Amino acid sequence: MRVGRGIVLMALLASGSAALSAQDTTAAARPDSTVARRAARPDTSHLMRPISAMWRSMVLPGWGQSATGRHTVGAIFVTWEGVTAMMTLKAQQEADYMKQTGSANLKAKRQEVQDWLVLWVFNHLFAGADAFVSAHLQDFPKDLQLRAVPGGVGLSLPLPRP
């Protein structure tokens, strides 16, 4: 067995690098496919990463939305953050006063404090989720249009040309 393999190996080495008649010996310049693919991709280096946008909005609701270019939505989140924070503090001060005076409405006021606190926490969580989704959709075409057509609603989305 070893002798047979050795003979075949010697024959291959002895033949050298002779060109076969079916081989094309001309060097054809082929475009590098990775370079061609990279040139076709849009530059996304300026886009915010979804996790970064989410954490920004968890720290300060509206910051992640603003970083992804949705300034109006960001302003709404930060405004609602201020409203819920101030109303929580106001209701807590009123509950403290009612406790000092021995008011019968203390239980209802404590429930109001909890309600405002839940809205405050929910605003943080929802702002983070919204920023995460909006960061994923940053490069979505802005030319998406919804139109009324006979018999219903139509959606038009221009497709990029290859």
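Two residues are in contact when they have heavy atoms within 4.5 Å of each other, and helices, the elements to select on this tour, are DSSP runs of H or I with at least four residues, numbered from the N terminus. The model is predicted, so local features need pLDDT of at least 70 and side-chain atom pairs count only at pLDDT 80 or more, while totals for chains, interfaces and linings use all residues. Residues are numbered from 1 along each chain as its sequence is written, and side-chain values use heavy atoms, with hydrogens and water left out.

**First stop: helix H6**

Select residues 106-136, which make up the 31 residues of helix H6.

Next, colour the buried residues of H6, where buried means under 20% relative accessible area, exposed means over 50%, and partly exposed lies in between (1.4 Å probe, protein chains only). Among them are Leu106, Lys109, Val113, Trp116, Asn123 and His124.

**Second stop: the charged side chains**

A salt bridge here is a side-chain nitrogen of Lys or Arg within 4 Å of a carboxyl oxygen of Asp or Glu, and a search of the whole structure finds four of them.

Begin with Lys90 and Glu94 in helix H5, which lie four residues apart, about one turn of the helix, and form a salt bridge whose closest N and O atoms are 2.9 Å apart. Lys90 is partly exposed at 39% relative accessibility, and Glu94 is also partly exposed, at 26%.

From Glu94, move across to Lys109, whose side chain meets that of Glu94 in a salt bridge of 2.5 Å, N to O. Because Glu94 lies in helix H5 and Lys109 in helix H6, this pair ties together parts that are 15 residues apart in sequence. Lys109 counts as buried, with 11% relative accessibility.

Key:
Helices (H or I, at least four residues) and strands (E, at least two) are DSSP runs, numbered from the N terminus. The expected span of a helix is 1.5 Å times one less than its number of residues.
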